[in-house]
Amino acid sequence: MPKSPKLPQGLPSKQQVLDFIQSSEIPAGKREIARAFGLKAQEKIALKALLKNMAEEGLIDGKKTAFHRMGGLPKVTVLRVVDIEDGEPIAEPDNWSPDAPGKPPRLTVRELKGKGGKRAPALKRGDRILSRTEETQSGWVAYPMKKLPARTEGLMGVVEIDGSGKAWLAPVDKRVRNSSPISDLMGAEEGQLVLAERTGRSERSGVKVVEVVGDPLAPKSFSLIAIAKHGIPHVFSDAVHEEAVAAVRLKLSQDKREDLRSLPIVAIDPADARDHDDAIWAEPDGKGGYKAVVAIADVSFYVRPGSALDREARKRGNSVYFPDRVVPMLPEVLSADVCSLREGEDRAAMVCHLHIDAAGQVENRGFTRAIVRIHHNIAYEDAQAAVDAGDAPEHLTNLWGAWKLLAEARAKRDPLELELPERRVVLNEEGQIAEIAVRERLDAHRVVEDFMIAANVAAARALEAKTHPVVYRVHEPPSREKLIALRDYMATLGKKLALGQVVTPGLFNRMLKDITDEAEKAQVMEAVLRSQTQAYYGPANAGHFGLSLGSYAHFTSPIRRYADLLVHRALVDAYKLEQPKPPGSLPDTTGLSDKDRKSLQEVSDAISQTERRAMEAERDTIDRYVAAWLSGRVGEVFDTRITGVQGFGFFATIVGLGGDGLVPVSTLGAEHFRHDEAAQALIGEDTGTTYAAGDRLKLKLAEANALTGALKFVPVDADGNAIEPRGARPAPRYRKPGGKPKKAGKFTVGKRGRPGNIRHQERRK
């Protein structure tokens, strides 16, 4: 980008930076700002500090490659058309974070040009567009660059037939409010779960069925719903399968491989683990410390850059885990077999050699490619039981001894400690729910976790020392804006949060430790969690705030994360670990390709998105299982905790089980409730009755919709009876045009087929 003659040369002021970011025709990152103002070496260092200060002050937001004014938008971003006003499309950011302050900005969309400058077809509600954005005096404006493919969200649903015989698609996504008319059933029957696609440009044109999934409440339907809704690739092509089979045939050569088969390396995993990509070993060094090995499946040996296998893994980004299935990043012949570190079998591994001194400080002794033979695959619970009983074998005793040193060093580092229970869905042989429980947190989990963290840090620092590319796992400190919101919230509890000091994880830990009341502690923990930024992958290091680490990369799970595979390839280059050329058509290199090096930022952004997609899909599926589990317990009263408060009501989760449900403000009684945003509470204007985030209370389960995963609670009085809702009146009997209300098989059809009026009638089936 050429220097602009209008800009003064030299270190800019804060206002000059803001003006440049807003007026730049391309995304403006640190490099573009430095070039525009003609900065030299020392001035670039000063610019880095200036931009950091501006971010902490809440003036700018974004990554180092593309800043934008805080509260604004990236220069180029994806938008979704939400309305048409006076013939002009109005759009909002497609991925606006629910944690972001305020409402998403609305942009007026200028005319979308087609090929050759011709006018393109008019945009409609729901269209997604890649656009250049600009903030003007009259508001935000979007200049479309291209129209993006439509998402499939909301196009999976249940077939319903109204009184006139018309077919409707009732969505299984609780964010989609209206049903769509079905123009072609393609043989689908009433009550069946189907996948559909739109037949025209507008929502009124309806949908046609393209695939019949079957019984919506049958085992395994919930994960299929999530896969379709989020557009998760789950079928491998023939070309990918063929390459996977060819990769499996590769022979393990001892050339440039360390032979570690004699070491009693163990893989400690969940009892239901579908793959085993890490194993550990340690022994005393005779000086109060330990020598240690972290062995990771050598996926880079089998998945070569540029291959069809690699392109598919890059597209998927990560494996997605559901209670009933896994959608793997790699074909099962690799992920569950050849790359999985299974007991008693020779396996290719990338090994991190560590030395843990008596103070728990870790020194990286280097990385090698090795052949390992896992001594034992053991479940967390079994390993813990053996150690607790005092009869654990020596290799487990050594691991616990080394971990105690790592734990002492971790305590000094003081990473963020939040108690976040993990729900576990246990299915029986028929695929039905046997149990939903909170996963127990054992020392065995912490042993493996701290060994993995040590290896991840070693990988990042090793690549830095050898000046090779790193895909960092970045967790930035909370933004100034979120910290101010947290400070204001703490003030409502009569507590202070001083923002003049350097914000560290330890600040939050001490704040939580000083709170003795468990209900209040839960409140504050929820608030601290909301203040945190979302972690992401990127080639620029900004540290890991939550772990209190300056450099961190993901190295330990290349079977299920593409980021780890890229780190392995970089280590192959850095330590000159290339293997002999394989026979056949597979690419020669197992290190980073030129394409990898040139596109690390783009790939990092893409796999950060696929990670979020997987998290949403997994969470949605768990919510559906929980709702299905609870559908037979509607009317029962549960102990709950408030997790979020809005003006229209609050959300609560069942203690020890999970499952977020809404309590509408209209059900809180005749009193009017005021929403105090700073206190994250609803406050009764007459009595002062308060419902605040973190509060524990008893609520009655009023609805549990297994198809959408939605729950609805109502408050109860001291006798366990539902409180009379404000303005209570008999529920109206809705009818669709051309017919009377009727029960359609398992579901009750409501007004225009809205999901809020669909209720499963066979809860105790």
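Partly exposed means a relative accessible area between the buried limit, under 20%, and the exposed limit, over 50%. Keep that range at hand for the stops below. The model on screen is predicted.

**Stop 1: Asp-488 and Arg-487**

Select Asp-488. Its relative accessible area is 33%, so Asp-488 is partly exposed. Asp-488 and Arg-487 form a salt bridge, with the closest N and O atoms 3.6 Å apart. Arg-487 has a relative accessible area of 34% and is partly exposed.

**Stop 2: Lys-698 and Asp-639**

Move to Lys-698 and show its side chain with that of Asp-639. The two meet in a salt bridge, 2.7 Å from N to O. Colour the strands next. Lys-698 sits in strand S32 (residues 696-705) and Asp-639 in strand S26 (residues 637-646), so this pair ties together parts that are 59 residues apart in sequence. How accessible is Lys-698? Its relative accessible area is 49%, which makes Lys-698 partly exposed. Asp-639 counts as partly exposed too, at 41% relative accessibility.

**Stop 3**

Select Arg-410, Glu-417, Arg-441, Glu-449 and Asp-450 together. Salt bridges with shared partners join these residues into one network.

**Stop 4: Glu-197 and Lys-208**

A salt bridge links Glu-197 to Lys-208, and the closest N and O atoms are 3.6 Å apart. Which parts does the pair tie together? Glu-197 lies in strand S11 (residues 193-198) and Lys-208 in strand S12 (residues 207-214), so the joined parts are 11 residues apart in sequence. Check accessibility here. Glu-197 is partly exposed, with a relative accessible area of 35%. Lys-208 is partly exposed at 31%.

**Stop 5: helices H7 and H15**

Two packed helices are described by the angle between their axes and the distance between the axes. Take helix H7 (residues 308-316) and helix H15 (residues 562-574): they pack at an angle of about 130°, and their axes are 9 Å apart. An angle over 145 degrees would count as roughly antiparallel, and 65 to 115 as roughly perpendicular. H7 and H15 are therefore oblique to each other.

Now show side chains at the contact. On the H7 side, pick Asp-310, Ala-313 and Arg-314. They meet Tyr-562, Leu-565 and Arg-569 in H15. What is the make-up of this contact? Its residues divide into three nonpolar, three charged and no polar.

Note on methods. Residues are numbered from 1 along each chain as its sequence is written. This is a predicted model: local features need pLDDT of at least 70, side-chain atom pairs count only at pLDDT 80 or more; totals for chains, interfaces and linings use all residues. Side-chain values use heavy atoms; hydrogens and water are left out. A salt bridge is a side-chain nitrogen of Lys or Arg within 4 Å of a carboxyl oxygen of Asp or Glu. Helices (H or I, at least four residues) and strands (E, at least two) are DSSP runs, numbered from the N terminus. Buried means under 20% relative accessible area, exposed over 50%, partly exposed in between (1.4 Å probe, protein chains only). Axes are lines fitted to C-alpha atoms, for helices over the stretch in contact, and angles run from 0 to 180 degrees between N-to-C directions. Angles under 35 degrees count as roughly parallel, over 145 as roughly antiparallel, 65 to 115 as roughly perpendicular and the rest as oblique. Contact means heavy atoms within 4.5 Å. Ala, Val, Leu, Ile, Met, Phe, Trp, Tyr, Cys and Pro count as nonpolar, Asp, Glu, Lys and Arg as charged, and the others, Gly among them, as polar.
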